[in-house]
Amino acid sequence: MVQYDFKKITVVPNGKEFIDIILSRTQRQTPTVVHKGYSISRLRQFYMRKVKYTQQNFHEKLSTIIEEFPRLDDIHPFYGDLLHVLYNKDHYKLALGQINTARNLISKIAKDYVKLLKYGDSLYRCKSLKVAALGRLCTTTHMARLPSIDPNTRTILICGYPNVGKSSFINEITRADVDVQPYAFTTKSLFVGHTDYKYLRYQVIDTPGILDRPFEDRNIIEMCSITALAHLRAAVLFFLDISGSCGYSIAAQAALFHSIKSLFMNKPLIIVCNKTDLQPLEGISEEDMKLVMEMKAEAMKTVIGQGGDPLNDEGVLLTMSTLTEEGVVSVKNAACERLLDQRVELKMKSKKMNDCLNRFHVAVPKPRDQKERPPCLPQAVLEGMAKQQAAEKEKRKLERDLEEENGGAGVYSASLKKHYILKNDDWKEDIMPEILDGHNVYDFIDPDVLQRLEELEREEGLRAEEEDDDFEMDGKELTPEEQEALAEIRKKKSLLIQQHRIKKSTAESRPTVPRKFDKERKFTSERMGRQLSTLGLDPTLAINRARSKSRGRKRERSLDRGGNDGDDVMDMDVDQPNKKLRARSRSMSRSRSMSRPPGEVVAGEGFKDSAQKVKALKLAKKSVKKRNKDARRGEADRVIPTLKPKHLFSGKRSIGKTSRR
């Protein structure tokens, strides 16, 4: 039988969206520019191409829809009935038939309009025919809400009245996340979860709640549960709320059980009494207990029908609480075990199993005499096994071993106090109080704390004195000559520090001290002359230069520009106080002396006379004018700026109305 994954069905858009998709694709994939100056054959071909392309797109899209949706005769009866409950089989077939009819009509219409376009006599006539051909619609449907249920795999089905704990149970044993609320009909469709038992995967189906009423009065939500019970080969868990908090009594739940018990035939059935944290099973009334025992007797019939022991009622009536998780795992294991036994028994009865058993042969050795032959192990092997067992006994237990023995990671918590060194080992796990009699316990743990604090302070003081002695030089231990040398060194050091601070400060930040405030007369030309004389240098030039600067004599400008000799240049350089200004004045004087008219011919330029040079300059300016106008960087600039080609920026449909199609 064909398997279908309904989640993979492509979502079908509505009619308006479907038309927009097709026509926008036609606009993008076919030419869009046409002129009335074209020949009539070219105009006909242009619009015929648009009509044919649109018809092909419609055909592909509608064929995909028809192929993806399954045929009702090929799918499992469970899916067939569920689809009938949710969508109605007749409507489903009618919708697919309409799509198939629309596909055939579109093909026929396109064929007719292509014939008409062959005889179009003008641009307007061809365009009108194209607009008429594209004005068709289609019908749609969708079916992506069906759940992904495998009808042939191992399945556990949960059913019962609304709000009895079905969704809470599936959330506990699977990774499903079904909404749980304290009101009826929270679950409105089938939910699927998966769990593992003995390395096998089981699918667990949570069905909506069922009410005890006639079959004709049940709504779509209840019919989903009835459909699953009727068609799926599964272990059925009938949930019973013995506390009555769901809003329905045990008698009403028992009546629902007897009304649908025909659907439990040939299926493993387990009665699950939920919410035992509110009301234990032993605490219910005798009448309710009698009803529960009747349901248990009906469940035992399914055990007997599968060939089970009629005296063994284990796993038929179970109690649990999804709130405290008590008994949840045992219910899951019992359901999986019952279902597994039934599936194995059915496979053993099938013809395929007989064919497999005929291929097996189990060889059993026959005794040749009455002599016993026990297994023989060499002595060395026995000694090695004994040593290994003794080593395992003497092996010290690690934290990892203790963790495995006491529940594993997340359960076992290692004790950090067991290695404490105390007078009595029983004191290790005692809880130490923080506050006792209004005092902090940690302030009174060490009785000698003040004495030790004083010793530490005294030790720190001694260390500080030793460090000061190491770095400070005492002058009492030196000879008089060494003391004089030490004083000279310290004086020199302080002078160097002062000079460094003076140099470090910039000229702008130092205040200018006028000469009248230099009362000690430290900076004078006479003093400079004496110091230079002691060094063996002639101080005359330096003194004259300093005096000329102090007078502030202005620079004299030469009248004859070209007649300056080297001495005059040297005099001007001396008068110029700044080196940059001197260089600037020198360059200015040279540029003035070397300037010439543009038409003057210089030897080596290659011109015959000044007229030829002026003409060449004019031609050069004229040749550059076009390049400058085009914003070229030079003669080799071949850059083509970004343009807007007409075939890319004209004739396209812009954002706006699409009625012109």
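**Entry 1. Positive patch**

I began with Lys 52, which is partly exposed at a relative accessible area of 40%. The classes I use throughout are buried for under 20% relative accessible area, exposed for over 50%, and partly exposed in between, with a 1.4 Å probe and protein chains only. The model is a predicted one, so I note that local features need pLDDT of at least 70, that side-chain atom pairs count only at pLDDT 80 or more, and that totals for chains, interfaces and linings use all residues. Residues are numbered from 1 along each chain as its sequence is written, and side-chain values use heavy atoms, with hydrogens and water left out.

I located Lys 52 in helix α2, residues 40-68. Helices (H or I, at least four residues) and strands (E, at least two) are DSSP runs numbered from the N terminus. For a patch I take residues with over 30% relative accessible area and no salt bridge, joining like charges within 9 Å and nonpolar side chains (Val, Leu, Ile, Met, Phe, Trp, Tyr) within 5 Å. Accessible areas come from the Shrake-Rupley method with a 1.4 Å probe, and for residues only the protein chains shown count as cover. Lys and Arg count as positive and Asp and Glu as negative, while His and the chain ends are not counted. Each charge is placed at NZ of Lys, CZ of Arg, CG of Asp or CD of Glu.

**Entry 2. Other surface patches**

I next looked up a patch of negative charge, and found Asp 448, Glu 454, Glu 455, Glu 457 and Glu 460 gathered on the surface. Of these I placed Glu 457 in helix α14, residues 449-471.

Which residues make the nonpolar surface patch of about 410 Å²? I recorded Val 344, Met 348, Leu 357 and Phe 360. Met 348 lies in helix α10, residues 328-349, and is partly exposed with a relative accessible area of 45%.

**Entry 3. Positive phi**

I noted Lys 275 for a positive phi of about 65°, although this residue is not a glycine. Lys 275 sits in the loop between β5 (269-274) and α9 (286-305). Is Lys 275 buried or exposed? I read a relative accessible area of 16%, so Lys 275 is buried.

Ala 631 has a positive phi of about 60° and is likewise not a glycine. I found Ala 631 in the loop between α20 (610-629) and α21 (646-649). Its relative accessibility of 62% makes Ala 631 exposed.

**Entry 4. Aromatic pairs**

I describe a pair of aromatic rings by the distance of the centres and the angle of the planes. Rings of Phe, Tyr and Trp (its six-membered ring) pair if their centres lie within 6.5 Å; planes under 30 degrees apart are stacked, over 60 edge-to-face, and the rest tilted. By this rule I have five aromatic pairs.

One of them is Tyr 161 with Tyr 248, a tilted pair at 4.4 Å centre to centre and 35° between the planes. Tyr 161 lies in the loop between β1 (155-160) and α6 (166-173), and Tyr 248 in the loop between β4 (235-241) and α8 (250-259), so the pair ties together parts 87 residues apart in sequence. Tyr 161 is buried at 5% relative accessible area, whereas Tyr 248 is partly exposed at 25%.

I then looked up Tyr 197 and Tyr 202, whose ring centres are 6.4 Å apart with planes at 65°, so the pair is edge-to-face. Tyr 197 is buried at 14% relative accessibility, and Tyr 202 is buried at 0%.

**Entry 5. Salt bridges**

Side chains of opposite charge can pair when their charged atoms come close. How many salt bridges does a search of the whole structure find? I have 13, each a side-chain nitrogen of Lys or Arg within 4 Å of a carboxyl oxygen of Asp or Glu.

I recorded Asp 369 with Arg 373 at 3.0 Å, N to O. Asp 369 is partly exposed at 35% relative accessibility, as is Arg 373 at 48%.

Lys 301 bridges to Glu 298, with the closest N and O atoms 3.4 Å apart. Both lie in helix α9, three residues apart, about one turn of the helix. Lys 301 is exposed at 52% relative accessible area.

I also have Lys 626 with Asp 630, the closest N and O atoms being 3.2 Å apart. Lys 626 is exposed at 59% relative accessibility, and Asp 630 is partly exposed at 39%. Last, I noted that salt bridges with shared partners join Lys 261, Glu 298 and Lys 301 into one network.
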